[in-house]
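Work through the following exercises with the sequence and the model side by side. Each task is followed by a solution that goes step by step.

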Amino acid sequence: MTRLVIALSGLVFCVACSDKSETLGGPGARVAEKPSAVAAPAEKPADTSASDEAKAIYAARCVGCHGEGGNGNGKAAAALNPRPRDFSQAAWQAQIQDAAIEKIILGGGVSVGKSPMMPPSPDLADKPATVAALRALVRSFKK
């Protein structure tokens with residue numbers, strides 16, 4: 001780990017010092033852009049991996065009831081009473097808060113006084129980025 005920190009520090013130093021003419025440009029010079037260019041790739045894969053994981057979880061755990069488009073019309077939906085939530089409904093999307101969606105994802109339907117047929121996903125409790133990405137996926141179904 002220490003070697004990685006030293007290597008990255010050296011890389012940032014070399015990039016920042018590679019062209020002295022850019023460092024003399026004063027405020028707004030491209031020096032400020034270079035550290036961002038180094039740091040940005042580290043942030044994007046984390047978001048992408050959480051989003052990818054959320055899509056995989058939705059496909060594995062949610063599609064059966066909520067359907068691929070989030071309309072509550074998955075293959076198992078017809079046998080359920082009450083029917084699964086239709087995430088595309090604008091009225092529901094407008095009244096539900098993000099925190100409530102995340103609570104349902106983690107604690108299931110019973111956590112918010114709804115159907116126990118909606119199972120909890122406590123294994124995601126230590127993955128807030130994935131839960132947020134699942135919430136964003138639910139939000140994306142709004143018509």
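**Exercise 1. Decide whether Phe87 is buried or exposed, and find its aromatic partner.**

Step 1. In this predicted model, Phe87 has a relative accessible area of 9% and therefore counts as buried, where buried means under 20% relative accessible area, exposed over 50% and partly exposed in between, with a 1.4 Å probe and protein chains only.

Step 2. Phe141, at 12% relative accessibility, is buried as well, and Tyr58 is likewise buried.

Step 3. The rings of Phe87 and Phe141 form a stacked pair, with 6.2 Å from centre to centre and 15 degrees between the planes; rings of Phe, Tyr and Trp (its six-membered ring) pair if their centres lie within 6.5 Å, and planes under 30 degrees apart count as stacked, over 60 as edge-to-face and the rest as tilted.

Step 4. Phe87 sits in the loop between H3 and helix H4 (90–95), whereas Phe141 belongs to the segment after H6, so this pair ties together parts that are 54 residues apart in sequence. Helices (H or I, at least four residues) and strands (E, at least two) are DSSP runs, numbered from the N terminus.

A note on conventions: residues are numbered from 1 along each chain as its sequence is written, and side-chain values use heavy atoms, with hydrogens and water left out. Because the model is predicted, local features need pLDDT of at least 70 and side-chain atom pairs count only at pLDDT 80 or more, while totals for chains, interfaces and linings use all residues.

**Exercise 2. State how many aromatic pairs there are, and describe the one formed by Tyr58 and Phe141.**

Step 1. The count comes to three aromatic pairs.

Step 2. Tyr58 and Phe141 form a tilted pair, at 5.4 Å centre to centre and with 40 degrees between the planes.

Step 3. Since Tyr58 lies in helix H3 and Phe141 in the segment after H6, the pair ties together parts that are 83 residues apart in sequence.

Step 4. Tyr58, Phe87, Trp92 and Phe141 together form one aromatic cluster.

**Exercise 3. Identify the residues that touch the most other members of the largest nonpolar core, and the elements that contribute to this core.**

Step 1. A nonpolar core is a set of buried Ala, Val, Leu, Ile, Met, Phe, Trp, Tyr and Cys residues joined through side-chain atoms within 4.5 Å.

Step 2. Of its 18 residues, Tyr58, Phe87, Trp92, Ile101, Ile105, Leu124 and Leu134 touch the most other members.

Step 3. Two or more residues each come from helix H3 (33–66), helix H5 (98–107) and helix H6 (128–140), and H3 gives the most, with six residues.

**Exercise 4. Describe the surroundings of Arg139.**

Step 1. Arg139 lies in helix H6 and is partly exposed, with a relative accessible area of 23%.

Step 2. Not counting residues up to four places away in sequence, Arg139 touches Gln93, Ile96, Gln97, Asp98 and Ile101, a contact being heavy atoms within 4.5 Å.

Step 3. A polar atom of the Arg139 side chain lies 2.7 Å from the backbone oxygen of Gln93.

Step 4. The C-alpha atoms of Arg139 and Ser88 are separated by 8.2 Å, although these residues are 51 residues apart along the chain.

**Exercise 5. State how many helices and strands the protein chain has, and what share of its residues is buried.**

Step 1. The protein chain has six helices and zero strands.

Step 2. Of its 143 residues, 27% are buried.

Methods:
Polar contact = N/O pair within 3.5 Å; in protein donor to acceptor, adjacent residues only side chain to side chain.
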